[in-house]
Amino acid sequence: MSRKIVAGNWKMNKSMTEAQALVQELNGMAGAWPSDVKVIISPPMLYLTQIAVNTGDNLHVAAQNCHAEKSGAYTGEVSAVQLKSSGVNFCILGHSERRQYFGETDESVNAKVKSCLAEGITPIVCIGELLEEREAGREFSVVETQLKGGLEGLSSEEIEKCIVAYEPVWAIGTGKTASSDQAQEIHAFIRTKLSEISSQEVADTVSILYGGSCKPANAKEIFSKPDVDGGLIGGASLNASDFNALINSY
Ligand code: PEP
């Protein structure tokens with residue numbers, strides 16, 4: 001099975017009309033996408049149901065977050081159970097913006113990962129160091145802590161069902177991309193750590209995506225690295241021609 005994935009994170013952008021127009025454009029382009037690349041979009045939560053019914057077979061839908069509990073008095077929240085019942089099969093978890101603005105921790109990410117797996121939703125687990133952590137030479141230990149924390153207590157079979165996204169925080173929305181060598185170095189490290197907490201076989205099947213100012217101009221070079229299995233794309237996923245070019249970078 002191919003590990004290649006290009007996933008777009010729309011964040012809190014677009015009106016419903018704009019979102020539907022973008023999906024329509026992407027549906028029109030999907031026939032020409034490489035058949036071994038899985039394409040995922042992550043619109044705002046409010047639009048998920050509507051978008052999920054309008055995507056063709058080549059386009060999958062992810063939530064940007066969920067709550068760890070199945071149901072209950074959690075005003076404003078949406079559970080993995082509810083996502084699954086709305087036709088959503090992927091969920092981004094632990095994005096650096098959720099860690100920064102909403103107090104998410106490795107523990108809360110781990111609880112959400114478990115709730116998604118229990119519902120058959122594929123978690124896209126985001127990890128990555130801050131600029132000051134990289135400058136202090138701590139990028140490997142930060143990534144290892146977040147990876148192990150996010151996947152704590154999972155069986156090898158469960159780890160195999162996860163997608164990992166390495167997103168150095170200093171590269172998100174800043175225009176500063178990690179070099180392809182910097183990305184490869186961390187991705188290879190993540191795969192080694194995955195093999196230590198599961199097995200080499202499992203580590204070899206997990207997709208590890210790069211995220212951080214990935215654009216059509218730099219994607220080919222980054223995606224060419226052996227342990228980079230695609231991208232989690234923010235800004236460039238909001239425009240059909242850029243996202244299409246990223247998908248076709250493979
Ligand atoms: C992201 O937010 O996941 C991301 C990678 O954003 P951007 O591509 O805009 O840097």
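User: Helices (H or I, at least four residues) and strands (E, at least two) are DSSP runs counted from the N terminus. With that in mind, where does Ser 213 lie?

Analyst: In this predicted model, Ser 213 sits in the loop between strand 7 (208–210) and helix 11 (216–223).

User: Is Ser 213 buried or partly exposed?

Analyst: Buried means under 20% relative accessible area. Ser 213 has 9% relative accessibility, so Ser 213 counts as buried.

User: And what is phi of Ser 213 near?

Analyst: Near 55°, which is a positive value in a residue other than glycine. Lys 14 also has a positive phi, near 85°, and is likewise a residue other than glycine.

User: Where is Lys 14 found?

Analyst: Lys 14 is in the loop between strand 1 (5–9) and helix 1 (16–29). Its relative accessibility is 27%, so Lys 14 counts as partly exposed.

User: Let's switch to the strands. Which way do the residues of strand 4 point?

Analyst: Strand 4 covers residues 90–93; Phe 90 and Ile 92 point one way, while Cys 91 and Leu 93 point the other way. All four of these residues are buried.

User: How many bridges link strand 3 and strand 4?

Analyst: Strand 3 (residues 59–63) and strand 4 pair in the parallel sense over 2 bridges. Ala 62 has Phe 90 of strand 4 as its bridge partner.

User: What about strand 5, how many bridges does that one share with strand 4?

Analyst: Strand 5 (residues 122–127) pairs with strand 4 over 4 bridges, in the parallel sense. Cys 91 stands opposite Pro 123 of strand 5.

User: Which unit do strand 3, helix 3 and strand 4 make?

Analyst: Together with helix 3 (residues 80–85), strands 3 and 4 form a β-α-β unit that is right-handed.

User: How much space lies in the second largest pocket?

Analyst: About 330 Å³. The second largest pocket is lined by 17 residues, and nearest its centre lie Met 1, Ser 2, Ile 5, Lys 38 and Ser 207.

User: New topic: how many residues does helix 9 have?

Analyst: Helix 9 (residues 180–197) has 18 residues. Its first and last C-alpha atoms are 26 Å apart, close to the 26 Å expected at 1.5 Å a residue.

User: Which residues of helix 9 are buried?

Analyst: Among them are Ala 183, Ile 186, Phe 189, Ile 190 and Leu 194. The buried residues also include His 187, Arg 191 and Lys 193.

User: Last one: where is Gly 56 placed?

Analyst: Gly 56 is in the loop between helix 2 (48–54) and strand 3. With 32% relative accessibility, Gly 56 counts as partly exposed. Gly 56 and Cys 162 are 106 residues apart along the chain, and their C-alpha atoms are separated by 23 Å.

Technical notes. Residues are numbered from 1 along each chain as its sequence is written. This is a predicted model: local features need pLDDT of at least 70, side-chain atom pairs count only at pLDDT 80 or more; totals for chains, interfaces and linings use all residues. Side-chain values use heavy atoms; hydrogens and water are left out. Buried means under 20% relative accessible area, exposed over 50%, partly exposed in between (1.4 Å probe, protein chains only). Two strands pair if DSSP finds at least two bridges between them. A crossover is right-handed if, with the strands pointing away from the viewer, the path from the first strand over the helix to the second runs clockwise. On a 1 Å grid over the protein atoms alone, a cavity is a set of points where a 1.4 Å probe fits but cannot get out, and a pocket is an open set with protein on both sides within 12 Å along at least five of seven lines; lining residues have an atom within 4 Å of a point. Grid points are joined across faces, edges and corners, and a volume is the space filled by probe spheres set on the points. The expected span of a helix is 1.5 Å times one less than its number of residues.
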